[in-house]
Amino acid sequence: MIKLYNGGVYLVDGTKIVDDPAALPGVCGRSVTPEEGRKGTMAYGILKSHNLSGDMDNLQMKFDSLTSHDITYVGIIQTARASGMTKFPMPYVLTNCHNSLCAVGGTINEDDHMFALSAAHKYGGIYVPTNMAVIHSYNREMMSGCGRMILGSDSHTRYGALGTLAVGEGGGELAKQLVGRTYDVARPGVVAIYLDGKPQAGVGPQDVALTIIGAVYANGYVKNKVMEFVGPGVANLPIEYRNGIDVMTTETTCWSSIWVTDQKTSDYFAVHGRPEAYKELRPADVAYYDGCVYVDLSTVECTIALPMHPSYTYTIRELKENPRDILYACQEKANSQITGAKLDLVSKVHDGGIWVDQGLVAGCSGGTFDNVCAVADILRGNSCGNGTFKMSVYPGSMPAYLQLLKNGALTDIASAGAIIRECFCGPCFGAGDTPANGEFSIRHTTRNFPNREGSKPGEGQMAGVALMDARSIAATAINGGKLTAATELDVNYTTPKYFFDKGVYDKRVYNGYGKPEPEHELKMGPNIKDWPQQPALSEDLLLKVVSYITDPVTTTDELIPSGETSSYRSNPLRLAEFTLSRKDPQYVGRAKAVHALELERENGTVNGEVSRVYSALTAAGVANDPAATVIGSTIYANKPGDGSAREQAASCQRVLGAAANLAKEYATKRYRSNCINWGMAPLLVKDAEAFALEDYVFIPGLRTAILEGTPQFTAYAVKPDGTVKPFSVSLGQLTPDERQIIADGCLINYYRNH
């Protein structure tokens, strides 16, 4: 059973939920106001200890450490260098777990790795070599600590199960930390995730996570809030089980997460040679939460998230009881989002079952020691068969890999016909084990967004991914690909003890924190380019709508695809050629055409089409100054930015000349922050029907409105026939620094100017 409470609740002694304030004195002997009770959450205490503003409603935070991987660190370091950074002021972990297929794009992936190693020497960073560990496994093992805060340029930066409040953000927010600035945000709400009971055998962490995601994603119950895991059920979960649930909280659109800590947490740090990183974290005897999700772990079933989102959840039992109707509805919903080849799931129902073609257990969510051991227990003495079904397992770190070698788990897995891969995040974003056209893959990874598996519908390729727990994937494997819940098997789970061998890190990881070498030369490969110069915001702004997306949600994968495009993220202009390529292939050409209009304006020429727009505005009584008004492109999307923290979802638009986004709402704080840090106004509109694709939008006085915090102002849509239609525009909450960043044109300009 899972229950969402309407409104806030009090938690008394960490165990009693009180949703009626009048009943609180009878439970704890006193009344407590919500604001006083909010101070009793674990999140409040951690935020307070990292806040420099003195105002707990408006936080200005410094983090204990930073982390990035090889898709994001080049751009961040380039931004920080351009902004005046001379050394890393805190531990900064640079992992190499995404672009480690070094044949893609020639030498450019390995060139990025060599850039990172040289930057670790020059600025004093921590360099984790290729395939040594996936980013989140390393940070759990080596950087987490109770009460700490970690900022990462990957959306799944979540170490709450280890008492660490971790946040995934775009690269601009890490660059701010690197130049000594703060992370500024209004204090987030906190929602209790109350765990009760104990999972049944065969139900894994992904099952619990998907059950929660399915209950809270669509209604935004925890959006931009902290998920605080409490309740007696926590004690019934091993640490790696908690880690597996925790990393998936990103898919709820929450801001961060934190868990109560206990002896199991202490044991984790002791095993990893860092006993000092442990301290007990618990809510106060009375704590107030802005909501509560009650989860009875004993009722959670083996669960599947169908394409194309982790929230499209069914229990495997439900799916098997009505496969054709459910899969048909799913494929039609998915196909409405896809341009090009279409998904066919119904054909997977035949011969008395649902048949899948591939199973993967990988990365920060799937490749944990406990998960891989459970897979070995199921596969031991069995076979994956010699049909179309195939299976791969990617352990999360080399220390875990070594222990899995020693205890025989990898032998059992390989003997069953599954393939053991390196520590690599590729299957999570479409750069490893890409299925064949028409195939259906089940994965214990983090996401199953459109094309996350690597297919290209626009080129006639289509595959589908469902998310499942490692245990049910292994159960499916021994049935030759026939979808099977792990609870259908009678398995003796051996749960072997974990022994952490740090020696492999000591031998290979370069730790230069606190030892910068300013004279060390950065190693710049030919694909590594500086960020292009960006113009400041003019007083008025003229936009042309070059993409109009009406899907309920637009993911960052649709804004800038992952997969092989990731190799070009060190080259802003080359990467920008892929912007919206799988969602709106006409976008890049349209955006470039608008950017050409701006370049003409800067050279003193106003294009005839633009002149007609201004003539229409003048005729409608709207004052304008064409020579002094920047011309930029914009996209409209109902709810853009779900998913990855990648700043390139915004920066690619910006380097093509975008000056704003128009949206009814933004899916995540991190995407909105990326727009801001790249100088694009994150505009909010209620009347999206006021304008259309290829319309111009004129916003007079925008610069002043932003700098003065005007809550709402008027924009004018100019139609091709010269009709001018006014509509209201707003910006939502912005900090003073964010206002100035937009006005200056981007974060780099802001630091250069101030």
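**Exercises on a predicted model**

Helix 8 (residues 205-216) lies across strand 1, strand 11, strand 12 and strand 15 (291-296), and runs at about 35 degrees to strand 1. Helices (H or I, at least four residues) and strands (E, at least two) are DSSP runs numbered from the N terminus, and axes are lines fitted to C-alpha atoms, for helices over the stretch in contact (heavy atoms within 4.5 Å), with angles from 0 to 180 degrees between N-to-C directions. The model is predicted, so that local features need pLDDT of at least 70 and side-chain atom pairs count only at pLDDT 80 or more, while totals for chains, interfaces and linings use all residues. Residues are numbered from 1 along each chain as its sequence is written, and side-chain values use heavy atoms, with hydrogens and water left out.

**Exercise 1.** Determine the order of the five strands in the open sheet, and state which strands stand at the edges.

*Solution.* Step one: the order is 1-15-11-12-13, with mixed pairing, where two strands pair if DSSP finds at least two bridges between them. Step two: strand 1 (2-4) and strand 13 (256-259) each have a single partner strand, so one side of each is left without a neighbour in the sheet. Step three: strand 12 (residues 226-230) pairs with strand 13 in the parallel sense over four bridges, and Glu 228 stands opposite Ile 258 in strand 13. Step four: helix 3 (residues 42-50) lies across strand 11 (190-196), strand 12 and strand 13, at about 125 degrees to strand 12.

**Exercise 2.** Explain why helix 4 (residues 73-82) is described as largely enclosed, and identify the elements its buried residues pack against.

*Solution.* Step one: eight of the ten residues of helix 4 are buried, so the helix is largely enclosed by the rest of the structure; buried means under 20% relative accessible area, exposed over 50%, and partly exposed in between (1.4 Å probe, protein chains only). Step two: the buried residues of helix 4 include Tyr 73, Ile 76 and Ala 80. Step three: they pack against strand 5 (65-68), strand 6 (92-95), helix 5 (108-123), helix 7 (171-178) and helix 28 (747-753). Step four: just after helix 4, Gly 84 takes a positive phi of about 105 degrees.

**Exercise 3.** Carry out the burial analysis for helix 25 (residues 669-677).

*Solution.* Step one: nine of the nine residues are buried, so helix 25 is largely enclosed by the rest of the structure. Step two: among these buried residues are Lys 669, Arg 670 and Arg 672. Step three: helix 25 is followed by Gly 679, whose phi is positive, near 75 degrees.
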